[in-house]
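Visitor: I'd like a close look at a single part of this one, please. Could you walk me through it slowly?

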Amino acid sequence: MSAILNHAIRRQFGATATRNMSGTAAVAGEHSGGYKVWKRLSFFVAVPAVGLCMLNAYLKHQEEHDKPRQEFVKYDYLRRREKRFPWGEGQKSLFHNPHVNPLPDGYEH
């Protein structure tokens with residue numbers, strides 16, 4: 001009984017799969033229109049999305065640029081220098097920004 005049911009299910013799914021695939025481009029051999037979809041998506045979706053992200057980043061930067069920097073509070077557990085950095089005078093990190101990153105004693109003036 002299960003063999004008959006199994007055969008009927010396989011035959012039904014096999015017929016459905018061939019019927020559904022007969023109209024697709026992969027079976028019909030037609031591949032010429034796919035690039036147009038990706039070209040349109042690139043120009044009308046991707047480029048405006050990148051532009052909106054750039055505008056958002058610029059506006060957020062302008063908001064932060066006008067604010068004064070935070071007051072320096074010297075905590076014992078932050079900015080500890082057990083040994084000097086091997087570059088420069090040894091107190092500044094490799095990507096040190098004097099406007100944002102304080103030294104162990106405070107901001108640079």
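Visitor: Is F72 buried, partly exposed or exposed?

Guide: F72 is partly exposed, with a relative accessible area of 21%; buried means under 20%, exposed means over 50%, and partly exposed is in between, using a 1.4 Å probe and protein chains only. Before we go on, keep in mind that this is a predicted model, where local features need pLDDT of at least 70, side-chain atom pairs count only at pLDDT 80 or more, and totals for chains, interfaces and linings use all residues. Residues are numbered from 1 along each chain as its sequence is written, and side-chain values use heavy atoms, with hydrogens and water left out.

Now for the partner. Rings of Phe, Tyr and Trp (its six-membered ring) pair if their centres lie within 6.5 Å; planes under 30 degrees apart are stacked, over 60 edge-to-face, and the rest tilted. That rule gives 3 aromatic pairs. One of them joins F72 to Y107, edge-to-face, at 6.1 Å centre to centre with 75° between the planes. Both F72 and Y107 lie in the segment after α3 (34-66), so their pair ties together parts 35 residues apart in sequence.

Of its 109 residues, 6% count as buried.

Methods: Helix = DSSP H or I, 4+ residues; strand = E, 2+ residues; numbered from the N terminus.
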